[in-house]
Amino acid sequence: EGLANQIAAGEVVERPASVVKELVENSIDAGSSKVIIKIEESGLKLIEVIDNGTGIEKADVSIALKRHATSKIKSKSDLFRIRTLGFRGEAIPSIASVSDFTLETSVKEENSGTKLSAQGGKIISIEPTLKREGTKIKVENLFFNTPARLKYIRSLQAELSHITDMINRLSLAHPEISFQLINNGNELLKTTGSGDLRQVIASIYGISQAKKMRSFHAEDLDFVVSGYVSLPELTRSNQNYITILVNGRYIKNFLLRRAILEGYGNRIMVGRYPLAVLSIQIDPQLTDVNVHPTKQEIRLSKEKELMALISKGITDTLSEGVL
Ligand code: ADP
Ligand code: MG
């Protein structure tokens, strides 16, 4: 079981940014309105995620460390109904198996909280602790017992930018949640949680950039797409500034990115990219998130229809007010 967790960890927790992603997604699934992420040395020394979500009941705390024990999938058809970000019950056991792991949590209905400590996946202690709001998870000395993994992490700077990208995307996906990211004591991002996507864009990319974006909306019978797109003047030299969300989840999809670029057509030069945040609502039946464990790749039905809706929508948005 310990080894199985470490093997699963190889798939789920490739690097510090994957740990941050899994922990923050759990905080989101727990209904948090505020999530604080503190890291040291780009997450290799410390990753701490503090939320104000529902917490975990005493009886369930040790179960969270068992692989698949918490899986929300009972049958194959459940795969198509998933609304939460996590569903495999794999992340916490995987992360705990390759770190010094501490979890403090409490739920409204219980008088005290629970604190669990584990090392390399072995539970060292579970004890009652002061009641707090939500959950605080501390991951220290990540990959201390998997030297090959550790060796593969070459640059702290690169790791930090993976983490920043991750938190940026999660903030864009959840304007209603306040995120704060702190690295070595420096605040790198803070969003208000006001629910206003343009404000999140301002926190990440700057107020003047956010002001220069046009709001986007297009829909048909199958899809609702909304968000913000930059005017053609505002271009970037890489595609990192294009964020596509499907049912609140960040995805990588080459075809949809191409549809955005097609919408700009020859208004932007080859090799330049717009800043865009598009949020797509789809009936979950038309998606299959189970393509890869990290769930960033998804398959969509009616992809052509969606591409046409996006590229035409962008062309229309850019033409508004232009004579
Ligand atoms: P999954 O998210 O796929 O269910 P995880 O291994 O990520 O599996 O988490 C296991 C379980 O632990 C979750 O299903 C949830 O019940 C609980 N959990 C983890 N993190 C939190 C959190 N921050 N707040 C509340 N519950 C949590
Ligand atoms: Mg999870």
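# Exercises on a predicted model

Gly-227 stands opposite Leu-278 in strand E15. The model is predicted: local features need pLDDT of at least 70, side-chain atom pairs count only at pLDDT 80 or more, and totals for chains, interfaces and linings use all residues. Residues are numbered from 1 along each chain as its sequence is written, while chains are lettered from A and ligands numbered from 1 in the order in which they are written. Helices (H or I, at least four residues) and strands (E, at least two) are DSSP runs, numbered from the N terminus.

**Exercise 1.** State which strands form the open sheet that contains E15, and describe the pairing of E15.

*Solution.* Step 1: the open sheet has five strands, in the order E9-E10-E15-E12-E13, with mixed pairing. Two strands pair if DSSP finds at least two bridges between them. Step 2: strand E9 (213-219) and E13 are the edge strands, each pairing on one side only. Step 3: strand E10 (residues 223-230) runs antiparallel to E15 and is joined to it by seven bridges; here Val-224 stands opposite Gln-281. Step 4: E12 runs parallel to E15, with five bridges between them, and Leu-245 has Ser-279 as its bridge partner.

**Exercise 2.** Determine whether strands E15 and E5 are enclosed or lie in the open.

*Solution.* Step 1: a residue is buried if 20 or more other C-beta atoms lie within 10 Å of its own, exposed if 12 or fewer, and partly exposed in between, with C-beta atoms placed from the backbone. Step 2: in strand E15 (residues 276-282), five of the seven residues are buried, so the strand is largely enclosed by the rest of the structure. Step 3: in strand E5 (residues 122-129), the number buried among eight residues is zero, so E5 lies largely in the open. Step 4: strand E4 (residues 113-119) pairs with E5 in the antiparallel sense over seven bridges, and Lys-115 has Glu-127 as its bridge partner. Step 5: this hairpin has two residues between its strands, and Gly-120 takes a positive phi near 55 degrees.

**Exercise 3.** Describe how helices H9 and H10 pack.

*Solution.* Step 1: helix H9 (residues 254-264) and helix H10 (residues 303-319) pack at an angle of about 30 degrees, their axes being 7 Å apart. Axes are lines fitted to C-alpha atoms, for helices over the stretch in contact, and angles run from 0 to 180 degrees between N-to-C directions. Step 2: H9 is therefore roughly parallel to H10 (angles under 35 degrees count as roughly parallel). Step 3: the contact includes Leu-255 and Ile-260 of H9 and Leu-306 and Ile-310 of H10; two residues are in contact if their C-beta atoms, placed from the backbone, lie within 7 Å. Step 4: H10 also lies across E9, E10 and E15, at about 40 degrees to E10.

Technical notes: Parallel < 35°, antiparallel > 145°, perpendicular 65-115°, else oblique.
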